[in-house]
Amino acid sequence: MAETWDEAQLITDGFERVIVELEWYDGPRVGLADIDGKPHYFDGYGQYLGDEADEYRVWPASPAAVELEREQWAIYVRWNECQGAGAAYLGQGGINARYDELDALLAQYRQAPDDARRLVGELRYTGAGHQVEGTGFWFRWCPSR
């Protein structure tokens with residue numbers, strides 16, 4: 001992704017922030033993002049990765065799940081910052097007990113229900129990288145064809 005985008009313009013254009021990234025391949029494939037201003041899980045794993053937009057299964061995230069996801073994301077962001085600085089802090093799977101505990105608690109929420117909606121997500125990146133308040137990725141969601 002060579003081009004970066006301005007957050008204010010993305011908001012004006014109807015894009016919403018990816019809050020948590022759980023799986024990544026040429027962009028976020030699984031995670032938590034705002035859809036119509038409310039947190040939803042999204043899962044595009046196994047979909048064709050096009051240049052502009054891909055189809056995702058999406059479903060609402062409960063406030064309890066969002067709180068736990070944000071806690072786990074903060075652990076990951078701290079780990080990522082330390083790794084980037086060459087420090088030895090390791091705060092993710094198999095190394096941080098709370099991270100692992102959160103993984104177990106969140107497993108039930110991360111499974112797409114049978115009635116998950118299908119939306120097409122058009123992706124943009126601000127260049128902001130991973131931050132506690134979210135990622136640098138933004139989606140504009142449209143109904144699937």
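A: What follows covers the ring pairs, then the strands, then a pocket.

This is a predicted model, in which local features need pLDDT of at least 70, side-chain atom pairs count only at pLDDT 80 or more, and totals for chains, interfaces and linings use all residues. Residues are numbered from 1 along each chain as its sequence is written, and side-chain values use heavy atoms, without hydrogens or water.

The structure holds 10 aromatic pairs. Rings of Phe, Tyr and Trp (its six-membered ring) pair if their centres lie within 6.5 Å; planes under 30 degrees apart are stacked, over 60 edge-to-face, the rest tilted. Y56 and W141 make an edge-to-face pair, 5.6 Å centre to centre with 80 degrees between the planes. Y56 lies in strand β4 (residues 53-60) and W141 in strand β6 (residues 137-143), so the pair ties together parts that are 85 residues apart in sequence. Strands (E, at least two residues) and helices (H or I, at least four) are DSSP runs, numbered from the N terminus.

Y56 is buried at 2% relative accessibility. W141 is buried too, at 13% relative accessible area. Buried means under 20% relative accessible area, exposed over 50%, partly exposed in between (1.4 Å probe, protein chains only).

W141 also pairs with F139. That pair is tilted: 4.5 Å centre to centre, 40 degrees between the planes. Both F139 and W141 are buried. Ring pairs link F42, Y56, F139 and W141 into a cluster.

Now the strands around β6. Two strands pair if DSSP finds at least two bridges between them. Strand β5 (residues 117-125) and β6 pair in the antiparallel sense over 7 bridges. Here G121 has W141 as its bridge partner in β6. β1 and β6 also run antiparallel, joined by 2 bridges. E16 stands opposite F139 in β6.

β1 gives the most, 5 residues. The lining has 14 residues, and E21, L22, W73, Y76 and Y99 lie nearest the pocket's centre. On a 1 Å grid over the protein atoms alone, a pocket is an open set of points where a 1.4 Å probe fits, with protein on both sides within 12 Å along at least five of seven lines; lining residues have an atom within 4 Å of a point.
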